[in-house]
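Here is a short report on a protein model. Look at the structure first, then read on.

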Amino acid sequence: MRVVEERHLGLRVLRPAEEPPFDEVGDELLPPHWARLWPSALALAESRFPAGARVLEIGCGLGLPALAAARAGADVTAVDLSPTAVDLVRRSAARNGLTLRAEARSWTDLQGEWDLVLAADVLYGHRNVVELREVLPRLAPEVWLTDPGRPLTPELLADWDVTSAARGEVTLHRLRRR
């Protein structure tokens, strides 16, 4: 696969040169969502991340928020179902001289607790909401979720204390455990 390098927020991000026809995992009937840098990822990456925090980005795709958190001094783990996406995140981290862990796995398989979970536009299917309602409370006391106003978002937010702020065409929701 040919890749191209783009610069966003002072970071070098690799992405496929052409849109891949289908992801190698999952049940999508469309080209893979991870292969594009979406407005939600850009907005989340603009956040001020706490240095030294243990940060997990789920459904990381190209990993721009994970890269930004690593640059801020966080201890970062990025996960995505796609091994190809994870490889590109690792290669982007290396190009930026950053250290992070990137793993091809489902968020439902995660064990451990982080200080903060990052998620950019992951509520595009009801299955994701159901899984995240189960998983997020055991992963971290705080979640930063950017979302373009998907109809399923209120269902996930109902379980948390939430502070929301518009970030251009998306909203940043900061969720804290009740």
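Predicted model: local features only at pLDDT ≥ 70, side-chain atom pairs only at ≥ 80, totals over all residues.

Residues are numbered from 1 along each chain as its sequence is written, and side-chain values use heavy atoms, without hydrogens and water.

The largest nonpolar core holds 36 residues. A nonpolar core is a set of buried Ala, Val, Leu, Ile, Met, Phe, Trp, Tyr and Cys residues joined through side-chain atoms within 4.5 Å. Buried means under 20% relative accessible area (1.4 Å probe, protein chains only). Among the residues with the most contacts inside this core are Val55, Leu67 and Trp144. Contact means heavy atoms within 4.5 Å.

Elements giving two or more residues to this core include strand S2 (11–16), helix H2 (64–71) and strand S6 (116–120). Helices (H or I, at least four residues) and strands (E, at least two) are DSSP runs, numbered from the N terminus. H2 gives the most, with six residues.

## A second core

A separate core has 22 residues, including Ile58, Leu139, Leu156 and Trp160.

## The whole fold

The protein has five helices and nine strands. Its order from the N terminus is β-β-α-β-α-β-α-β-β-α-β-α-β-β.

Buried residues make up 47% of the 178 residues. Among contacts between residues at least 6 apart in sequence, 59% join residues at least 24 apart. The C-alpha atoms fill a box of roughly 45 × 40 × 35 Å, taken along the principal axes.

Key:
Buried < 20%, exposed > 50% of the residue type's maximum accessible area, 1.4 Å probe, protein only.
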